[in-house]
Amino acid sequence: MDAITKQENRGQMDAVRRPTQEEAEEAVRTLLAWAGDDPRREGLLDTPKRVVNAYKEWFQGYEEDPVKYLSRTFDDVQGYDDMVMLREIDVESHCEHHMAPFIGTAYVAYMPTQAVVGISKIARVVEIFAKRLQTQETMTAQICDAITESLAPAGTAVLIDAVHQCMTTRGVHHPNVSTITTQFTGVFKTDKDMRDRFLRLAGR
């Protein structure tokens, strides 16, 4: 994430006062009553607290900076000059339109120029962006941009394949539809063979 994006995110959070735990729980009680149930009944008494705690976990990505995880690199790669790729990274996110989950997998590759980053850090970057209200298209671009800006590789490739609950449980009700988004930079964008190799390794 570049400095401008971080400033924009910080500015948006500063402009909106963050509610207290108690206020958030009261908002859940309001939704329970709006749905037609009684938030005072025994089975729902602890639901507001559980929901707010779940939100803390689902949206913890707002509290973390992906650049931090990409800042520690390793220069000694013994002459390695090919792509580094992680496959089938779990993606658990929520769409910003309905706050419904979308779940799938991410495939991320980059072509290092000098240094490499620990492979767990790439998976962590995916998780940070996923743990925010998102569109899949935006998240794909954000992951690609963070890696490109932090590591300055010769190219970056990101593919996400996810199923959106806002399509499966409401609206059009199509449970077997998945959405694929991709983003390519550098050699993955200009070199068809490199791009095809990435897609083949991703099983596409």
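Let's take "buried" to mean under 20% relative accessible area. By that cut-off, 38% of the 204 residues in this protein chain count as buried. Keep in mind that this is a predicted model.

**Overall fold**
- Going by secondary structure, the protein chain has 9 helices and 7 strands.
- If you're setting up a box, the C-alpha atoms fill one of roughly 65 × 40 × 25 Å along the principal axes.
- Among contacts in the protein chain with a separation of 6 or more, 69% are between residues 24 or more positions apart.

**Surface**
- The protein chain has an accessible surface of about 12100 Å².
- Carbon and sulfur atoms account for 51% of that accessible surface.

**The largest pocket**
- Its volume comes out at about 970 Å³.
- You'll find 23 residues lining the largest pocket.
- Nearest the centre of the largest pocket are Arg-18, Pro-19, Ala-24, Tyr-55 and Phe-59.
- By residue class, the lining splits into 14 nonpolar, 4 polar and 5 charged.

**Where the pocket lining comes from**
- Three helices, α1 (3-15), α2 (21-35) and α3 (47-58), each put at least two residues into the lining of the largest pocket.
- The largest share belongs to α2, with 6 residues of that lining.

How values were computed. Residues numbered from 1 in each chain as written. Predicted model: local features only at pLDDT ≥ 70, side-chain atom pairs only at ≥ 80, totals over all residues. Heavy atoms only, no water. 1 Å grid on protein atoms, 1.4 Å probe; cavity = no way out; pocket = protein on both sides within 12 Å on 5 of 7 lines; lining within 4 Å. Points joined across faces, edges and corners; volume = space filled by probe spheres on them. Helix = DSSP H or I, 4+ residues; strand = E, 2+ residues; numbered from the N terminus. Nonpolar A, V, L, I, M, F, W, Y, C, P; charged D, E, K, R; others polar. Buried < 20%, exposed > 50% of the residue type's maximum accessible area, 1.4 Å probe, protein only. Contact = heavy atoms within 4.5 Å. Areas by Shrake-Rupley, 256 points an atom, 1.4 Å probe, with all protein chains shown as cover.
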